[in-house]
Amino acid sequence: MDLNAEEQLNLVKRLKSIADIGLVYAESDYSEERYQEVRQISLQLMAQISGTELKTLDNFFLPEKDYPTVKVDVRGFVLNEQNEILMAKERLDNKWTIPGGWADVGDTPSEAVLKEIKEETGYEAEVCRLLAIYDKRCHPHPPQPFYIYKLIFLCNITGGAPKHGYDMEAVGFFKINELPELSKDRILSSQLQQLYELAKQEGSKVHID
């Protein structure tokens, strides 16, 4: 059976997760050594498939002390009075995304997304409702080693002024049919179209996966 890069990467992620679980619950030095070897092999495979340096993965994936879980990315979907989408231009790849990032320990999901909107765009906002929970694996993002859930919240601007954050180059509003070049690792045009439709439908169900 031929597997594409994304399918291969998903299998390697599962392999690493099994190794991490084994390291947490290993009852002998022999088992720990075997699971550590499997973990290191999985990181080497991740580096090769995703194009990420092995040293970067080693530094990022610290040894698990508890049951391994997915990472959570929170993002705010904000429309102005002209139904244009608030976006920020990433300094890392010079492409655009809706504001957001990793959820920090100690922040509620709504606190995390409002902090990201403020830091990346300069606007203060309020959370209206949850629009979608995306499993990144289920969407055609570029392959990467991390397993991620994306929580997308509909938010309204309550104050502030446009001011891009230190890791951004610009802030702007865009019509749904005139989107800039997107940072596809962070957001896809298909997702923005779906989020736009969900935002315009009062009482719409949260999209899951």
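How do the residues of the lining of the largest cavity divide into nonpolar, polar and charged?

A: Happy to. Please keep in mind that this is a predicted model. The lining of the largest cavity divides into 6 nonpolar, 4 polar and 5 charged residues.

The structure holds 1 cavity of 30 Å³ or more, and the space in the largest cavity comes to about 120 Å³. Of the 15 residues that line this cavity, Asn-10, Lys-13, Lys-136, Arg-137 and Gln-144 are the closest to its centre. Helix α1 (residues 5-25) gives the largest share of the lining, with 4 residues.

Leaving out residues up to four places away in sequence, Lys-13 touches Met-46, Gln-144, Pro-145, Phe-146 and Tyr-147. One of these, Gln-144, is also among the residues closest to the centre of the cavity.

Met-46 leads us on to helix α2. This helix covers residues 29-50, 22 residues in number, and reaches 31 Å from its first C-alpha to its last, close to the 32 Å expected at 1.5 Å a residue. Besides Met-46, the buried residues in α2 are Arg-39, Ser-42, Leu-43, Ala-47 and Ser-50. Seen down the axis of α2, these buried residues fall within an arc of 140°, so they line one face of the helix. Tyr-30 and Gln-48, on the other side of α2, are exposed. After α2 comes Gly-51, which has a positive phi, near 75°.

For a comparison, have a look at helix α5. This helix has 12 residues and reaches 17 Å from its first C-alpha to its last, close to the 16 Å expected at 1.5 Å a residue. Here Gln-191, Leu-192, Leu-195, Tyr-196, Leu-198 and Ala-199 are buried. They cover an arc of only 165° around the axis, and therefore lie on the same side of α5. The cover over the buried residues of α5 includes the strands β1 (71-78), β2 (85-90), β5 (123-135), β6 (148-160) and β8 (207-208).

Another lysine is found here: Lys-200 belongs to helix α5, which spans residues 189-200. Setting aside neighbours within four places in sequence, Lys-200 is in contact with Leu-79 and Asn-83. From Lys-200 to Pro-142 there are 58 residues in sequence and 28 Å in space, C-alpha to C-alpha.

Finally, let us step back to the whole chain. The protein chain has 5 helices and 8 strands, and along the sequence they follow the pattern α-α-α-β-β-β-β-α-β-β-β-α-β. Its C-alpha trace spans about 60 × 40 × 35 Å along the principal axes. Of the 209 residues in the protein chain, 40% are buried. Among contacts between residues at least 6 apart in sequence, 70% join residues at least 24 apart.

How values were computed
Residues numbered from 1 in each chain as written. Predicted model: local features only at pLDDT ≥ 70, side-chain atom pairs only at ≥ 80, totals over all residues. Heavy atoms only, no water. 1 Å grid on protein atoms, 1.4 Å probe; cavity = no way out; pocket = protein on both sides within 12 Å on 5 of 7 lines; lining within 4 Å. Points joined across faces, edges and corners; volume = space filled by probe spheres on them. Helix = DSSP H or I, 4+ residues; strand = E, 2+ residues; numbered from the N terminus. Nonpolar A, V, L, I, M, F, W, Y, C, P; charged D, E, K, R; others polar. Contact = heavy atoms within 4.5 Å. Expected span 1.5 Å × (residues − 1). Buried < 20%, exposed > 50% of the residue type's maximum accessible area, 1.4 Å probe, protein only. Arc of directions from axis to C-beta.
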